[in-house]
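Work through these exercises with the sequence and the model side by side. Try each task before you read its solution.

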Amino acid sequence: MNDIVKIGANGLVLSLLLPEIGMPEIIGFGETPVADSALSEVERSSRINGMDEAVPSAVLLPVGGMGFFGWPAISGHRSGRDFILQFADWTVEKTGRITLLCAQDAVAGIAITLRFETFPSGVIGISTDLKNIGIEDYILDRCMAASFLAEAGQVDVVSFTGMWGREFQIRRERLGTGLWAQESRRGRTSHDRFPMLTIEGEAQSFGVALGWSGNHQIVIDRLDDGRRLVHLGEVFEPGETILAPGESYRSPVAYAGADRAAFHAFVRDDLMHWPDGAMSPRPVTLNTWEGNYFDHQMESLKAQATSAAELGIERFVLDDGWFGKRDDDTTSLGDWDIDARKYPEGLSPLVDHVTALGMQFGIWFEPEMVNPVSALYELHPDWVLQVKGRPLLTSRNQLVLDLTRPEVSDYLFEKIDAVLANHAVSYIKWDMNRDLTHAG
């Protein structure tokens, strides 16, 4: 085939060469697209591994075997078989800002679809879809969303680290000759391993981010010629992704932008979707937490709301402490019924008071969590994430509910719906205050 496909504009263009067999080769990634004449200038070397046939290494989502000896971006097998992937018969479909590249491996029984979206901000989004077209289960060990090509030579990686109360500390590292990797298995984005970084070279600079709030990995692999591939994707726990015949896995979206301005414009103009096409100003908000903690008294809360409205505050958020018997952080998470001791007439008197003052009313939930001291845990201890024969580990006096179980998610939906359906709630503060320790 040997067609050149160009993705992007406005300062960042990804140029791909589609092969007869194998993965698309990255022949350009930067401010300007690669000219079609560059096809004849593509050179490859087999000096490192001494192969008779020089195999492309700067490819999108390289797979192991068949002459590629770097870090595989996609890997899987059928109980030790079909561990080599070699896609062929690539097709290209373009619709507006969307480009789809599709191929399949008839031997391994896997089909692939690469989805590209070019945004007006200049940011490029890429995701990967793998489908099991075989007749047996396929164990997927790894499937990155995308790969981006960085230059050879001196390159810095700029990322974020930190902790609670010391968030977004900038970390700068010089890339060496080995593999650079960042993995998070906390079950959420975290202060110390944020899924975004910037690549800064002498002649090239760009940023990448993974649109995903769960377990993730970013891996930078050095190629034989000194260039680097930057891979982003999800981390799978043991046995998490087994594709039955006909089933598919779709990765999160990996984004690349030329600079900070491109990402800022992407968030404001492309990512925020509003019914009228415009982003509404964020309301000035009063949150009740530091002013009250768990001490909820109706007259005091109403007085706070009145004073807030007089100051021009636009949203009043009722934080933790309104449900169960929640007098401290050791009890009642999971018991999402309004505390009749603190609110004998329910939440309506407070909600009505806030909205009558012209403010939005917001409320706090932490749906994934449960306290061991709670009516829910006493009734359903089997609903928490746990591993048979292993001790439960609390964090912040909390355990984590297994939301993959329909009875758990149905319970939470019913409890939250009972609050939202009967009150004029305009905003939810949704907390997730601990990591996952028993996920598999």
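Helices (H or I, at least four residues) and strands (E, at least two) are DSSP runs, numbered from the N terminus. Residues are numbered from 1 along each chain as its sequence is written. The model is predicted, so local features need pLDDT of at least 70 and side-chain atom pairs count only at pLDDT 80 or more, while totals for chains, interfaces and linings use all residues; side-chain values use heavy atoms, with hydrogens and water left out.

**Exercise 1. The whole chain**

Task: State how many helices and strands the protein chain has, and what percentage of its residues is buried.

Solution. 
- Step 1: The protein chain has six helices and 25 strands.
- Step 2: Buried means under 20% relative accessible area, exposed means over 50%, and partly exposed lies in between (1.4 Å probe, protein chains only).
- Step 3: Of the 440 residues, 46% are buried.
- Step 4: The C-alpha trace spans about 80 × 50 × 40 Å along its principal axes.

**Exercise 2. The largest pocket**

Task: Find which strand gives the largest share of the lining of the largest pocket.

Solution. 
- Step 1: On a 1 Å grid over the protein atoms alone, a pocket is an open set of points with protein on both sides within 12 Å along at least five of seven lines; a cavity is a set where a 1.4 Å probe fits but cannot get out; lining residues have an atom within 4 Å of a point.
- Step 2: Grid points are joined across faces, edges and corners, and a volume is the space filled by probe spheres set on the points. The largest pocket holds about 1,100 Å³.
- Step 3: Its lining has 33 residues, and R188, H191, D431, M432 and N433 lie nearest the centre.
- Step 4: β10 (155-163) and β11 (166-174) each supply at least two lining residues. The largest share, three residues, comes from β10.
- Step 5: Sort the lining by class. Ala, Val, Leu, Ile, Met, Phe, Trp, Tyr, Cys and Pro count as nonpolar, Asp, Glu, Lys and Arg as charged, and the others, Gly among them, as polar. The pocket lining has eleven nonpolar, nine polar and 13 charged residues.

**Exercise 3. The largest cavity**

Task: Name the residues that line the largest cavity, and give their classes.

Solution. 
- Step 1: The count is one cavity of 30 Å³ or more.
- Step 2: The largest cavity holds about 50 Å³ of space.
- Step 3: L385, L392, L393, L399, V400, R434, L436, T437 and H438 line it.
- Step 4: These divide into six nonpolar, two polar and one charged.

**Exercise 4. Salt bridges**

Solution. 
- Step 1: A salt bridge is a side-chain nitrogen of Lys or Arg within 4 Å of a carboxyl oxygen of Asp or Glu. By this rule the model has 23 salt bridges.
- Step 2: R250 and D129 meet at 3.3 Å, N to O.
- Step 3: Compare another pair. R326 and D320 form a salt bridge with the closest N and O atoms 2.8 Å apart, and both residues are buried.
- Step 4: R405 and D382 also form a salt bridge, at 3.3 Å from N to O. R405 lies in the loop between β24 (399-400) and α6 (406-420), and D382 in the loop between α5 (375-379) and β24, so this pair ties together parts 23 residues apart in sequence.
- Step 5: R405 is partly exposed at 24%, and D382 is partly exposed at 39%.
- Step 6: R186, R188, D192, R193 and D435 are linked by salt bridges.

**Exercise 5. Positive phi**

Task: Say where L61 and S79 lie, and whether each is buried or exposed.

Solution. 
- Step 1: Most residues other than glycine have a negative phi.
- Step 2: L61 is not a glycine, yet its phi is positive, about 55 degrees. L61 sits in the loop between β3 (25-30) and β4. L61 is buried, with a relative accessible area of 0%.
- Step 3: S79 has a positive phi near 50 degrees. S79 lies in the loop between β4 and β5. S79 is exposed at 66% relative accessibility.
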